[in-house]
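Here is a short briefing to read alongside the model. Have the structure open as you go through the points.

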Amino acid sequence: MQIDIVSVFPEYFDVLNLSLFGKAQSKGLVSVHAHNLRDWTHDVHHSVDDTPVGGGAGMVMKPEVWAECLDDLLGLEPREMNADGESDSNSNASAGVPDGADTTVTTSAAAGGSPSNGTVVTAAESDGTGDAEHLPASDSASADTVPNSDSQAPTHNLGTVLIFPNPSAPLFTQRDATELSHAKRLMFGCGRYEGYDARIPEYYRAQGVDVREYSIGDYVLNGGEVAVSVMLEAITRLLPGFMGNPESIVEESYTGSEALLEHRQYTRPAVWRGMGVPDVLLSGDHGKVDRFRRDEALARTDAIRPDLIEQLDCTQLSKADRKTLMALGWEVSAEHPRRLNRE
């Protein structure tokens, strides 16, 4: 998987050289290049923002700077939009990057190209020769390497996906992470200040680019860098070969078509500071252990995220699952569980 990140603080992503992400780069599973948005500015102050149209506090990131950057990285020519918000059909420029197309692209000298060793390199660290470099898509996202998961997300391969974190956008979920783990190339744009000009994602959608905007939660951050790091970790850990033990991602929270919160985990010693682990986990009876963990997952989800219980398919629940949910106050005779009124 090829990953491009555009930010005014590209050095933030040096953290991706650590832990499993760093190992994945050294193994060639992912190739990451962090670009400095200011490399596409032309004024002495390298300005990337301006005051909001209509007034208001803060500053908004300028579309012309983002457009020069994204056009370079996506291999697109500038196009004018007509009054209907569509690209001018008389333009000879490329219409975009369709899914499944050859994702080899050319980056500008300012972008610096992607390093062959897969390490994170900022645009400031490029050699400055001015020669564009072709970046081939990795073979690691081919059809025969789709993770063996029980997710509802589609398992077809995506081409290039352009992603902007945005607190006003739909919530990023495990299903989104699973879908995006099949992409050949991910490109992230990190907003700052009051955000980016709303015409930027609209324009690139009109060029045929697969543009996504996601929020990672009901809160606001200083910039998109933290959100991009969160999404990258959720996505890339699903790549085949990324995790040392692929079984460790099978029964996690939010994972699979019938997603629940995960049961609690324990390790040795069996008694620590007077606190023991549940006796059933020491019984050696795998059937009883599995049932205990399933019941606890249902109970934790009921207490913390009852909305996930409401999404379960009652026809897929076992007799024991139904019994547990009924004890927790759910009616399970319909298509989906329904919370009974509690006195």
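With which side chain does the side chain of His-35 make a polar contact? The partner is the side chain of Asp-4, at 2.8 Å. A polar contact here is a pair of N or O atoms within 3.5 Å; within protein, one must be able to donate a hydrogen and the other to accept it, and residues adjacent in sequence count only if both atoms are side-chain atoms.

This is a predicted model, where local features need pLDDT of at least 70 and side-chain atom pairs count only at pLDDT 80 or more, while totals for chains, interfaces and linings use all residues. Residues are numbered from 1 along each chain as its sequence is written, and side-chain values use heavy atoms, with hydrogens and water left out.

**Around His-35**

- His-35 sits in strand β2, residues 31–36; helices (H or I, at least four residues) and strands (E, at least two) are DSSP runs, numbered from the N terminus.
- His-35 counts as buried because its relative accessibility is 0%; buried means under 20% relative accessible area, exposed over 50% and partly exposed in between, with a 1.4 Å probe and protein chains only.

**Helix α2**

- The twelve residues of helix α2 (residues 63–74) should span 16 Å at 1.5 Å a residue, and the end C-alpha atoms are 16 Å apart, which agrees; the expected span is 1.5 Å times one less than the number of residues.
- Buried residues in α2 are Val-65, Trp-66, Cys-69, Leu-70, Asp-71, Leu-73 and Leu-74.
- An α-helix has 3.6 residues a turn, so residues three or four places apart point the same way.
- After α2 comes Gly-75, with a positive phi near 70 degrees.

**Aromatic pairs**

- The whole structure holds six aromatic pairs; rings of Phe, Tyr and Trp (its six-membered ring) pair if their centres lie within 6.5 Å, and planes under 30 degrees apart count as stacked, over 60 as edge-to-face and the rest as tilted.
- One of them joins Phe-21 and Phe-242 edge-to-face, 6.0 Å centre to centre and with 85 degrees between the planes.
- Phe-21 lies in helix α1 (residues 19–26) and Phe-242 in the loop between α5 (225–236) and β10 (271–272), so this pair ties together parts that are 221 residues apart in sequence.
- Phe-21 is buried, at 7% relative accessible area, and Phe-242 is buried, at 7%.
- Trp-66 and Phe-164 are edge-to-face because their ring centres are 5.8 Å apart and their planes meet at 70 degrees.
- Trp-66 is in helix α2 and Phe-164 in strand β7 (residues 158–165), so the pair links parts that are 98 residues apart in sequence.
- Trp-66, Phe-164 and Tyr-196 form one aromatic cluster.
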